Amino acid sequence: RISKTTAGRSSAGLEPKSLALGSEGCFGIITSAVLKISPIPEVKSYQSVLLPSFGVGVEYMRALSKMTMKPASVRLLDNDQFRLGQALKERPSLFGTLREWLAHAISSAGGNFSLNTVVCVTISFEGSAAEVNLQQRLVRDFATVYEGMLAGPSVGKAGYDLTFAIAYLRDFALNYDIIGESFETFVPWSCIKRLVAATKDRVQFEHRHRALPGEPFICSRITQLYDEGVCVYFYFCMQIKGVSNPSVVFSEIEHIAREEILSNGGSLSHHHGLGKVRSSFVSQIYSQAYIDTLTAIKNSIDERNVFGAANGIFGSKMYSSSIEHTNVSGKGPKNAREGSRCGFTAATGTTKTA
């Protein structure tokens, strides 16, 4: 049992709680927790900004990330996802108006905007009236710097409403022989544009290579800002009518997309975790010595494997290899070997720890 007498900042040696939280059920289960509660904000409002292209949108997001007092949420929808959101509106209002608005903007702004490249940043503000007013002013100022246009609070709120609805689109689309899923990653600022373009191109290529019907739909959205980078979500959908073993085909393409993400500097997961689907990638981000260390910890606290969820590293071939070695030697995990020192793996943008 892991217990803690105080909540908050503590420096008392190794922290077993972090091991338990990151084990995805393989080191134990959470039976109690201390929650941080924040006051209900005095003001809550929305805004949205249209920008000429995804590249400009990334630069705008980078500028907002440097704000000392950031908005509660800032998200960048690429052109495909922005247009999807407008197409899903129950009332055909905004996008028809948007076409006319952009046509006017193109003529007045020197052709910087196009329906095929425009992106949208949705923003949520929370805080005191003074805090929200300051954030709104900075958002407007940065929009001017990056040749953006304010699209209004209603578009901003609609972007967040889409977040709640998009998960259910998967079930709805299956009625029309379309399968879809999302996958996410953390990406350093310097890798965002390359990673997003490469991942989309790879999905398109794999779809053509398999001679699958129709055109795949692949879009992206930046959902979280950090000093070091962002969280990027991808949404991938494809037509499966007449496709043999469609779930297997879809999983193969998603797996290859994840390989592309890793090779372009993304992490294996920002917050979804590894589970069983991504456990096969463990060898690309961790050394065998690290797996052996966690195997020894697992054996010491759960020798009978009561918590046998087999998620993450505990569902990987490297873990099986470590277990086999332990059983043969009878002396626990083997010693650290090649790749045992701590370092940063540039190819994957992840920490490789011994």
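Predicted model: local features only at pLDDT ≥ 70, side-chain atom pairs only at ≥ 80, totals over all residues.

User: How many aromatic pairs does the structure hold?

Analyst: It holds 9. A pair is two rings of Phe, Tyr or Trp (its six-membered ring) with centres within 6.5 Å; planes under 30 degrees apart are stacked, over 60 edge-to-face, the rest tilted.

User: Why is the pair of Y60 and Y146 edge-to-face?

Analyst: Their planes sit at 80 degrees, so the pair gets that label, with the ring centres 6.1 Å apart. The pair links distant parts of the chain: Y60 is in helix α2 (residues 54–65) and Y146 in the loop between α5 (129–145) and β4 (149–150), 86 residues apart. Helices (H or I, at least four residues) and strands (E, at least two) are DSSP runs, numbered from the N terminus.

User: Is Y60 buried or exposed?

Analyst: Buried, at 0% relative accessible area, while Y146 is partly exposed at 24%. Buried means under 20%, exposed over 50%, partly exposed in between (1.4 Å probe, protein chains only).

User: And what about F172 and Y176?

Analyst: That pair is tilted, 5.4 Å centre to centre with 55 degrees between the planes. Y176 is exposed, at 53%.

User: New topic: which residues touch the most other members of the largest nonpolar core?

Analyst: Y60 again, along with V121, I192, I222 and M238, out of 42 residues. A core here is a set of buried Ala, Val, Leu, Ile, Met, Phe, Trp, Tyr and Cys residues joined through side-chain atoms within 4.5 Å. A second, separate core has 15 residues, including L50 and M149.

User: Where is Q47?

Analyst: In strand β1 (residues 43–51), and buried at 15%. Leaving aside residues up to four places away in sequence, Q47 touches V121, F125 and P153, among others; contact means heavy atoms within 4.5 Å. Q47 and P153 are 106 residues apart in sequence, yet 4.2 Å apart C-alpha to C-alpha.

User: What does the side chain of Q47 reach?

Analyst: The backbone nitrogen of G152, at 3.0 Å.

Conventions: Residues numbered from 1 in each chain as written. Heavy atoms only, no water. Polar contact = N/O pair within 3.5 Å; in protein donor to acceptor, adjacent residues only side chain to side chain.
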